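Subject: Structure for you to look at

Hi there,

Here is the structure I promised to pass on. Please open it alongside this note, and I will walk you through what turned up.

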Amino acid sequence: MCARLSLSLCAVAGACVLSCQFYTACLLSEEDGECFWCLDRGMSVEVERKFVCRSDTETRLKELGAEFVGERSFHDRYFDTEQFTLTLSDTWLRCRGACWELKCPVRVREGEEEEEKGRERGGGGGGRNIKLCTRYREITELSEIVDRVRQVREGGRGRRKEREREGERGRKKEREGGWERQTDSAWLGEFALVQFASFTTVRRSYILQGGVRADLDLVDFGFTVGELEVLVETPEQIPAGAERIAELVEKLGESACNRVPGKMDAYLKQFHPEHYGRLLRAHKLHP
Ligand code: V4E
């Protein structure tokens with residue numbers, strides 16, 4: 001799904017500028033280790049919004065013309081460092097079944113961000129709808145995942161020498177034949193990543209007009225949630241996608257301005273309150 005990114009890292013006035021192959025403008029802040037990718041032409045981004053899944057949700061979806069596309073079950077394992085380096089950077093590494101996936105936050109270029117702020121100030125719901133949606137890029141190629149994990153790990157505070165040595169060990173490993181050849185525990189160990197969540201989801205999926213996908217998830221720790229998702233290719237498509245999602249949320253009988261917690265919010269709150277609290281305080285999850 002994602003085009004290949006070539007990254008260069010250079011230190012500029014205490015910040016690292018990540019440049020991608022087609023466009024630039026991502027900042028990896030040395031201070032807080034946070035990083036945002038630019039939204040690039042030709043790289044799709046998931047615009048998503050959770051909603052409360054009720055007993056009549058499937059009936060309502062069908063009334064709205066949704067087509068059932070199937071039910072599947074998958075097991076997710078999520079990984080982070082003991083210091084929560086990835087999740088505190090809003091970066092979510094998981095192994096779904098046997099496939100590695102990394103969900104990274106997306107920030108649009110400076111000019112486009114200003115346009116978004118204008119829409120927020122202008123009212124009419126446009127800005128609010130965008131705020132209620134999350135935007136992530138999902139990376140599925142292991143070498144890109146490892147690159148990205150390294151960037152986030154290296155973005156943490158201090159420890160420059162240690163990070164340089166760690167980066168060199170990783171690059172050596174790649175020269176020896178690539179991460180695909182390593183066992184999972186070898187590359188996870190390289191970055192000191194440990195599993196912090198594990199759960200199984202049964203997902204029923206529907207497709208609505210305009211390519212909106214509705215997923216209804218039932219998780220094995222007793223939690224249900226719905227999610228509406230559109231894939232966008234350009235920053236200009238984000239507001240229309242967010243508004244289409246907001247319309248559907250209302251048609252499903254939900255309040256247009258509610259932020260609904262996802263599976264990870266529920267899981268961490270129940271099983272890892274310390275990790276949950278850190279993410280709340282860092283505004284990476286919301287109460
Ligand atoms: C917690 C989180 C992420 C991990 C994956 O979360 P989620 O989208 O809930 O998983 P899932 O299974 O629906 O993924 P999909 O199959 O759609 O790829 S990724 C981003 N976050 C943070 C986050 C947030 N801050 N707010 C909301 C409403 N959702 C997620």
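Tyr 267 is buried, with a relative accessible area of 11%, where buried means under 20% relative accessible area, exposed over 50% and partly exposed in between (1.4 Å probe, protein chains only). Please keep in mind that this is a predicted model, in which local features need pLDDT of at least 70 and side-chain atom pairs count only at pLDDT 80 or more, while totals for chains, interfaces and linings use all residues. Residues are numbered from 1 along each chain as its sequence is written, and side-chain values use heavy atoms, with hydrogens and water left out.

The ring of Tyr 267 forms a tilted aromatic pair with Phe 271, at 4.7 Å centre to centre and 45° between the planes. For the terms: rings of Phe, Tyr and Trp (its six-membered ring) pair if their centres lie within 6.5 Å, and planes under 30 degrees apart count as stacked, over 60 as edge-to-face and the rest as tilted. Tyr 267 and Phe 271 are separated by about one helical turn because they sit 4 residues apart in helix H8 (residues 263–271). An α-helix has 3.6 residues a turn, so residues three or four places apart point the same way. Phe 271 has 39% relative accessibility and counts as partly exposed. Both rings belong to a cluster that ring pairs build from Tyr 78, Phe 196, Phe 199, Phe 221, Phe 223, Tyr 267 and Phe 271.

A search of the whole structure gives 11 aromatic pairs. One of them is Phe 68 with Tyr 206, a tilted pair with 5.2 Å between centres and 55° between the planes. This pair links distant parts of the chain, with Phe 68 in strand E6 (residues 67–80) and Tyr 206 in strand E10 (residues 194–208), 138 residues apart. Phe 68 is partly exposed at 36% relative accessibility, whereas Tyr 206 is buried at 0%.

For the overall picture, the chain has 9 helices and 12 strands; these are DSSP runs (helices H or I, at least four residues; strands E, at least two), numbered from the N terminus. Of its 287 residues, 51% count as buried. Contact means heavy atoms within 4.5 Å, and among contacts between residues at least 6 apart in sequence, 65% join residues at least 24 apart. The chain exposes about 13,900 Å², with carbon and sulfur atoms supplying 49% of it; accessible areas come from the Shrake-Rupley method with a 1.4 Å probe, and for residues only the protein chains shown count as cover.

Next, the ligand. There are 17 residues around it, and Arg 94, Arg 96, Arg 203, Glu 227 and Lys 263 come nearest; a residue is near a molecule or strand if one of its heavy atoms lies within 4 Å of it. E5, strand E7 (92–96), E9, strand E12 (223–232) and H8 each supply at least two residues of this shell. An oxygen atom of the ligand is 2.8 Å from an N or O atom in the side chain of Arg 94. Taken alone, the ligand exposes 640 Å², and the protein buries 94% of that.

Arg 94 has a protein partner too: its side chain makes a polar contact with that of Glu 101 (2.7 Å). A polar contact is a pair of N or O atoms within 3.5 Å; within protein, one must be able to donate a hydrogen and the other to accept it, and residues adjacent in sequence count only if both atoms are side-chain atoms. Glu 101 lies in strand E8 (residues 99–107) and is buried, at 11% relative accessibility.

E8 and E9 run antiparallel, joined by 4 bridges, and Lys 103 has Glu 138 in E9 as its bridge partner. Strand E9 (residues 134–139) also pairs antiparallel with strand E5 (residues 45–51) over 3 bridges; two strands pair if DSSP finds at least two bridges between them.

Last, helix H9 (residues 273–281): His 275, Tyr 276, Gly 277 and Leu 279 are buried there, and their cover includes E6, E7, E10 and H8. After H9 comes His 283, with a positive phi near 60°.
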